[in-house]
There are 4 protein chains.
Amino acid sequence: MESDHRKPRKTVQARSQKTREKILLAAERLFGKKGLHSVNSKEIAAEAGVAVGTFYNYFPDKQDLFLEVFERHSMEVGRVLDGRIRDEVARGGGGREFIYGLVKAVYEAHSLSPDFHRQAEALKYSDASMAVRRKQERKEAHAKSVALMAGFGDKLRITDHEAAAEIVGLAVESVVHELKMFGSEVSEFRMLKELADMLTRYLFRDDT
Amino acid sequence: MESDHRKPRKTVQARSQKTREKILLAAERLFGKKGLHSVNSKEIAAEAGVAVGTFYNYFPDKQDLFLEVFERHSMEVGRVLDGRIRDEVARGGGGREFIYGLVKAVYEAHSLSPDFHRQAEALKYSDASMAVRRKQERKEAHAKSVALMAGFGDKLRITDHEAAAEIVGLAVESVVHELKMFGSEVSEFRMLKELADMLTRYLFRDDT
Amino acid sequence: MESDHRKPRKTVQARSQKTREKILLAAERLFGKKGLHSVNSKEIAAEAGVAVGTFYNYFPDKQDLFLEVFERHSMEVGRVLDGRIRDEVARGGGGREFIYGLVKAVYEAHSLSPDFHRQAEALKYSDASMAVRRKQERKEAHAKSVALMAGFGDKLRITDHEAAAEIVGLAVESVVHELKMFGSEVSEFRMLKELADMLTRYLFRDDT
Amino acid sequence: MESDHRKPRKTVQARSQKTREKILLAAERLFGKKGLHSVNSKEIAAEAGVAVGTFYNYFPDKQDLFLEVFERHSMEVGRVLDGRIRDEVARGGGGREFIYGLVKAVYEAHSLSPDFHRQAEALKYSDASMAVRRKQERKEAHAKSVALMAGFGDKLRITDHEAAAEIVGLAVESVVHELKMFGSEVSEFRMLKELADMLTRYLFRDDT
DNA sequence: CATGAATGAGGGTTCATTCAT
DNA sequence: AATGAATGAACCCTCATTCAT
């Protein structure tokens, strides 16, 4: 009787969506734990509680699944980051305070599935299609930085905003990465404080 | 007695050494182009102009070969970097000038087999044994930074030398990486200049 | 709910079982013909009419497959032997007649896949894990012999039952082996008769 | 100067012979320890203290080397056995005593390189060319047995000498094998005693 | 004769993907 | 839509044997 047409459609779609979700979550966990190359389709299916065939009903192949997980992850990070930035902007603190807020915002955004994040990062180096996406991400980050800077007008000491946006972005990214991915002998607090100091002195005339 | 052995022995050893070298170079090229996982033993052998078996006569397995290539690469980078740093120290320029010299030194050191470098970097994220080596490298870099800073005494503005060393190291590393690995919309010159500016303002009281 | 699963499940399992069986039978044939070391996984798959991968879906490796074939073979031999012994015991013939019956029982039990049996025998000498199994088999055979002897009470001439059980077991085993594995210039009938004579005279006071 | 012809020839041949011997002995040790299939040419060469190429200068291939080791081993066993039998014959003991002497003779003959012996035994089951040699061995043993029996004339109880020779040979062989190859829960002494008892009762009218 | 580097066919095993049920 | 058995190309690695020195 389940083969009658109209009504169940929605339910079925809902179930479908759920299955898809299960697979994506399982993949995120496993890719994070072991990396793209060390996870096989059987494992993913098993972790998701479905059959291998089911997995291939939803995703054309493993690489594609990875990319989708990555996309979701990126968007989530983006959303969180944007939210935090908006908060900081709203608070409207002075230079140093603001910078510190931003640094912490990035730090917190990176706290989402850091394991998966790490593996994705790895692929950006070795996988062509990931490298493309990385490029895009940087571009967006760059635009965001430039826009933020513009808001500070004369208070800025820098002149080459383009280059500065890149430099600042990379510095923040790398420090946060390091802390999240590999940890540090120095405490996170000291690291983030120094990072904020560096950026403040670099960016603002009055570096207090 | 039995002295008829000497000479050929040496020749043979020389040939042996040459073969080893051929394999290492072929591996560096291929690993750089495609990454550890996408290169197979047959390819390496073919690129080196030897048989698969020969490859396995010299290296216990592919991973091991990669590590040896990596080790050589690291040491080479280290040598070049140390040399350049020594030059800069010898020249004895003032703060900003010196920092710029160092930044350029790191940049040049990264110009050795940047493709291989990129792939090695990728593995540091996903491969356990590579992560270990990464840790060590950072430790050494950290020590080097701290030592260099010490030389500046009162001129330094920073107080938390430990954290600063980390931050500075990561910032330089990440910018140079970005330029070498992925290029940049902004010219290298502008990027390196801004980087030097940032570091100078961060580190020194008198940031000229 | 979800009851649409039941039937196909069973069918699939049945197919699965059949594939497993096909592989086991193919393996028994090939191992018997050429020995463990001279058969490769591709051959086994081909003989079973499946792909190599399928073989590895069912057995973790070649050695394991061999052991399973061996286990099945041993159990089958054991079953046949026990059946025949029970028949002989039931018939309740006198000493010589009974012994002859037992000898023939062992002979018949060894008629199952004698080729495979031969190869398994070979491995008992050279392979550690097979040697272990051999030990166990002998122990069981020993126990069986002792039990049978006990049934004859005073009629027995021997005093050291333990040793006798070993000796008798080995003698029977070796003669049957020889006949089955390598054949003999002398007819099987004469061989088995003499064997029975020997054992009868050895075991019983009244050796008729 | 070593290229002058006449004199060194002998010396060279002697050295040659020594090298051959080293290889044969190394092979016997290794084959005994690990079996034909688990020993590779490099190992053999290393154990013999020569280069792989040298090994192939003396033997066309690994199989051939094995066969030569086997041949030597067989002949040695044969020599020892014949000697011991001659001793027993010379001593001229009565039936049971004589049989016991023979059993012990076989036992002692099997004490030469029992490890190698075991591995050779394994190959007789699985290797065609070894099976051939086995056949020959049995034939010779058979002939020997028949000849020995003939010496006892009327004292013998058996009538089918041919079959008896086979049976007796197999029984002795199997028991000795078992003791030497796998050991036994029952002491060797008891085992050999029972074996001798069995044979004596089987063969002689007056079984004391 | 001795050497040991070089060879490459061949073997065991994995795994992304397909497809009949 | 779900299943999971089946597939086979591809991979890593071994090792008997050869041959230039």
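# Salt bridges and ring pairs: worked exercises

Across the interface of chain A and chain B, four salt bridges are found. A salt bridge here is a side-chain nitrogen of Lys or Arg within 4 Å of a carboxyl oxygen of Asp or Glu. The model is predicted, so local features need pLDDT of at least 70 and side-chain atom pairs count only at pLDDT 80 or more, while totals for chains, interfaces and linings use all residues. Residues are numbered from 1 along each chain as its sequence is written, chains are lettered from A and ligands numbered from 1 in the order written, and side-chain values use heavy atoms, without hydrogens and water.

**Exercise 1. Describe the contact between chain A and chain B.**

Step 1: count residues. Chain A gives 42 and chain B gives 41, with contact meaning heavy atoms within 4.5 Å.

Step 2: take the area. The two chains bury about 3,800 Å² between them, 62% of it on carbon and sulfur atoms. Buried area is the accessible area (1.4 Å probe) lost on putting two parts together, summed over both.

Step 3: pick a salt bridge. A:Glu178 pairs with B:Arg134, with the closest N and O atoms 2.1 Å apart.

Step 4: assign the chain A side. Helices α6 (114-126), α7 (128-150), α8 (161-182) and α9 (188-203) of chain A each supply at least two residues to the side touching chain B. Helices are DSSP runs (H or I, at least four residues), numbered from the N terminus. α8(A) gives the most, 13 residues.

Step 5: sort by type. That side of chain A has 18 nonpolar, six polar and 18 charged residues. Asp, Glu, Lys and Arg count as charged; Ala, Val, Leu, Ile, Met, Phe, Trp, Tyr, Cys and Pro as nonpolar; the others, Gly among them, as polar.

**Exercise 2. Classify the ring pairs A:Phe66 with A:Phe116 and D:Phe31 with D:Phe66.**

Step 1: The whole structure holds 30 aromatic pairs over all chains. Rings of Phe, Tyr and Trp (its six-membered ring) pair if their centres lie within 6.5 Å; planes under 30 degrees apart are stacked, over 60 edge-to-face, the rest tilted.

Step 2: take chain A. The centres of A:Phe66 and A:Phe116 are 5.3 Å apart and the planes stand at 40°, so the pair is tilted. A:Phe66 lies in α4 (residues 62-91) and A:Phe116 in α6 of chain A, so the pair ties together parts 50 residues apart in sequence.

Step 3: check burial. A:Phe66 is buried at 0% relative accessible area. A:Phe116 is buried at 1%. Buried is under 20%, exposed over 50%, partly exposed in between (1.4 Å probe, protein chains only).

Step 4: take chain D. D:Phe31 and D:Phe66 are edge-to-face, 5.0 Å centre to centre with 65° between planes. The pair links α1 (residues 8-34) to α4 (residues 62-91) of chain D, 35 residues apart.
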